[in-house]
Amino acid sequence: MQENIIIADKCPTTQIASWQQQLSQAIRDPAILCQQLALSDEWLPGARTGHQLFDICVPAAYLSRITPGDPHDPLLRQVLPLDDEALTPPNYVTDPLEEADHQPVKGLIHKYAGRVLLIASPNCAINCRYCFRRHFPYSENSPSRAQWQEALDYLRADTSIHEAILSGGDPLAANDRQLAWLVEQLEGISHLKRLRIHTRLPVVIPDRVDDALIGWLASTRLQKVVVLHINHANEIDQAVVDACARLKQAGVTLLNQSVLLRGINDGVTTLATLSERLFEAGILPYYLHVLDPVQGAAHFDVPDEEARKLVASLRDLLPGFLMPRLVREIPGKGSKTPL
Ligand code: SF4
């Protein structure tokens, strides 16, 4: 299936698959992933084990940035399920941020003063193995349009809220008709000033940044911030750079948050290269998160002390504006905690 997908920058004279087609044709079978990337058979049993715990999902546009035959490729490690995901070390839980305690209405999480998070889509374009929401009960938090009214009423009633954050899943996995409707409702709430979108889709399938998306994004009165999620410089190819340029033309401020991940970006040169590449693409480094202790992801953990040393070394290499803030999210705290 996925070999039929045509990526824009690879084959400009042939018909290009829409982002929806690319998403629907994403690899969802461990055997196909291993086969397409020429991985030896030894990886398949672990991939099957991990896949049973959290489905595999890798679109072709992302796959094209992975080096075939290299089991240590930093992009592959983000999407390849492993046996380690079945481990259950103490302190690794299904809801590490205790979000269930902060959901006053369906589809809405209110943890921090002045801003509220809306689960705009239960779907993602990629399943990242370290995801802190890999166990999130999306089926219980996917409001219908009628149910959105309850969330919108909550926002209308609290004039201290100035920022709506679209999250998920990945909010941009929702279609533009739904998103345009939701943003129109948000615009009508006079005390809302900002719209923030946390998304990985412009990175995973850059064609997601199409005319329909730019249309509603450019026309809203709300100030727009898009927080991308990029962990390694190899994720930023020319298609991602072009997608970012379109977002900026629509008046979007672009930030990035990364997760510090063992075997993926836990080296000072790797982190410095990421910051440089982000800035070349018009994106400012924002946060470097230590891993949230979610069950299934313990093998990605980098201890706090090592993380602090890495960031201290990074400071010797980068100007201050390219330094991400090293933080941990602690349940119950009113903001992220700097390390
Ligand atoms: S795109 Fe974000 S929400 Fe989706 S699996 Fe990856 S980290 Fe999790």
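How do the residues of the shell around the ligand divide into nonpolar, polar and charged? I worked on a predicted model, and in it I found that the shell divides into four nonpolar, four polar and three charged residues. I then listed the residues that surround the ligand, which are Cys 124, Ile 126, Asn 127, Cys 128, Cys 131, Arg 133, Gly 168, Gly 169, Asp 170, Arg 200 and His 229.

Next I turned to the backbone, keeping in mind that most residues other than glycine have a negative phi, and most peptide bonds are trans.

Within the ligand shell, which includes Gly 168 and Gly 169, I looked at the peptide bond that runs from Gly 168 to Gly 169 and noted that this bond is cis, with omega near 20°. I placed Gly 169 in the loop between strand 3 (163-168) and helix 7 (176-187).

I then looked up residues with positive phi. Ala 38, a residue other than glycine, has a phi near 55°, and I located Ala 38 in the loop between helix 2 (30-36) and helix 3 (44-53). I recorded Ala 38 as exposed, because Ala 38 has 11 C-beta neighbours inside 10 Å and a residue with 12 or fewer counts as exposed.

My last entry concerns Asn 91, also a residue other than glycine, whose phi is positive and near 80°. Asn 91 lies in the loop between helix 5 (76-79) and strand 1 (108-109). Is Asn 91 buried or exposed? I counted Asn 91 as exposed, because 8 other C-beta atoms lie within 10 Å.

Notes
Residues are numbered from 1 along each chain as its sequence is written. This is a predicted model: local features need pLDDT of at least 70, side-chain atom pairs count only at pLDDT 80 or more; totals for chains, interfaces and linings use all residues. A residue is near a molecule or strand if its C-beta atom, placed from the backbone, lies within 6 Å of it. Ala, Val, Leu, Ile, Met, Phe, Trp, Tyr, Cys and Pro count as nonpolar, Asp, Glu, Lys and Arg as charged, and the others, Gly among them, as polar. Helices (H or I, at least four residues) and strands (E, at least two) are DSSP runs, numbered from the N terminus. A residue is buried if 20 or more other C-beta atoms lie within 10 Å of its own, exposed if 12 or fewer, and partly exposed in between; C-beta atoms are placed from the backbone.
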